[in-house]
Amino acid sequence: MRILNIIHSYFNHHTKAIDQYDVSSYINDHCREQFDLGRETMRFLKAAILAGTVAVFAATSAFAADVKIGFIVKQPEEPWFQDEWKFAEVAAKEKGFTLVKIGAEDGEKLQSAIDNLGAQGAQGFIVCTPDVKLGPGIVAKAAANDLKIMTVDDRLVNADGSPIEDVPHMGISATKIGEAVGQTIVDEIKKRGWNMSEVGAVRVSYDQLPTAVDRIDGALSVLKANGFPQANIFDAPQAKTDTEAALNASTVVLNKNANIKKWIAVGLNDEAVLGAVRATETVGIPADSMIGVGIGGADSAINEFKKPTATGFFGTIIISPKRHGYETALNMYNWIADGKAPEKLILTAGQVALRDNYETVRKELGIE
Ligand code: FCA
């Protein structure tokens, strides 16, 4: 495997004719330290590369088929994660590697998923963990199985809560995207001519997840800067990042504040805000007295926009499952195949979408 890796990497960097000097210097410069090769292996490698283009290309085309990459997500039933998988599959087809999709809803499942990937001969995996505090354990498990690791969406943290910066991560620009949520709500409050002092805000929260805190803080900072009273913001902590948990948490808030007739809702994703919207419906608050703006833009939001009459789910910030699925998988492949390590931190942007323009926004993002 290692040998094939190096040969493959050589041909990715060298399109010109092969010569003795070129091969030797390449192996000496790039491979000896990185792969910790012994003298015998070095000799074998040189011979293998010099043996001829045909044989080597045959070996390298077999290489992609040997690559196996895991894509582990915390909530496989959530449309966002299904979209990530869908786009990761596109990368797998394009490059010819095998993608192993695994749902791991808790730490135990995650640990055994990593062991499983190791046993299957995978070389690396991308993970959105069910709990970022498992960070050091996940990193250790990956190392024990000789697997490269990248994270997506939720960044692993150390015991002190700081991010594990060594693990390449792709997440969303949480604060900025949260601010876009806040601005969309402020604009709509003004358009409806609401008096902010009479409006309640459901803060569907999941404070153990830093990206959730950043998203929600971003939204609330814009609301407050525009005069939304702090006293009217009510915390609805959800036990899990899904609609049901958000519905339960939001119902408590609405029942406790039955005097408030107009509401807005923010949360870490579309599911959180949808939970708050469903809660307003159950307690009899009409759709035009609710402004919920989510984050995601996958089927959870789209199905809501497709309903014949508007609900309290006013808008969403569409983020890109294409970048988070296709690009992470491709980066992992390049890391395995070429030894080209991915960027340590990539933060992706989002775009506001409402009922009447979400299709255009999705097209623009190439995710139709
Ligand atoms: C987190 C959320 C998901 C999605 C993702 C980008 O993992 O739980 O719903 O928003 O970030």
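This is a predicted model: local features need pLDDT of at least 70, side-chain atom pairs count only at pLDDT 80 or more; totals for chains, interfaces and linings use all residues.
Residues are numbered from 1 along each chain as its sequence is written.

**View 1. The residues around the ligand.** Welcome to the ligand shell, where Trp 80, Asp 153, Asp 154, Thr 241 and Asn 269 come nearest among 13 residues. A residue is near a molecule if its C-beta atom, placed from the backbone, lies within 6 Å of it. The shell has 6 nonpolar, 4 polar and 3 charged residues; Ala, Val, Leu, Ile, Met, Phe, Trp, Tyr, Cys and Pro count as nonpolar, Asp, Glu, Lys and Arg as charged, and the others, Gly among them, as polar. Domain 2 (67-167 + 321-348) and domain 3 (174-319) each supply at least three residues of this shell, with domain bounds from an automatic or database domain assignment.

**View 2. Helices α5 and α13.** Here helix α5 (residues 79-95) and helix α13 (residues 321-338) cross at roughly 40°, and their axes come within 7 Å. α5 is therefore oblique to α13, a word for angles that are not under 35 degrees (roughly parallel), over 145 (roughly antiparallel) or 65 to 115 (roughly perpendicular). Helices are DSSP runs (H or I, at least four residues), numbered from the N terminus. Axes are lines fitted to C-alpha atoms over the stretch in contact, with angles from 0 to 180 degrees between N-to-C directions. Residues in contact (C-beta atoms, placed from the backbone, within 7 Å) include Trp 80, Trp 85 and Phe 87 in α5, and His 324, Tyr 326 and Tyr 333 in α13. The contact divides into 12 nonpolar, 2 polar and 5 charged residues.

**View 3. Helices α8 and α9.** Helix α8 (residues 174-192) packs against helix α9 (residues 210-225) at about 35°, with axes 6 Å apart. Their crossing is right-handed, meaning that the near helix is turned clockwise from the far one by less than a right angle. This contact comprises 10 nonpolar, 7 polar and 5 charged residues.

**View 4. Helices α10 and α11.** Look for helix α10 (residues 243-256) and helix α11 (residues 270-282), packed at about 45° with axes 7 Å apart. The two helices are therefore oblique to each other, and α10 passes α11 in a right-handed crossing. Among the residues that meet are Leu 247 and Leu 254 in α10, and Leu 274 and Arg 278 in α11.

Note on methods
Two residues are in contact if their C-beta atoms, placed from the backbone, lie within 7 Å.
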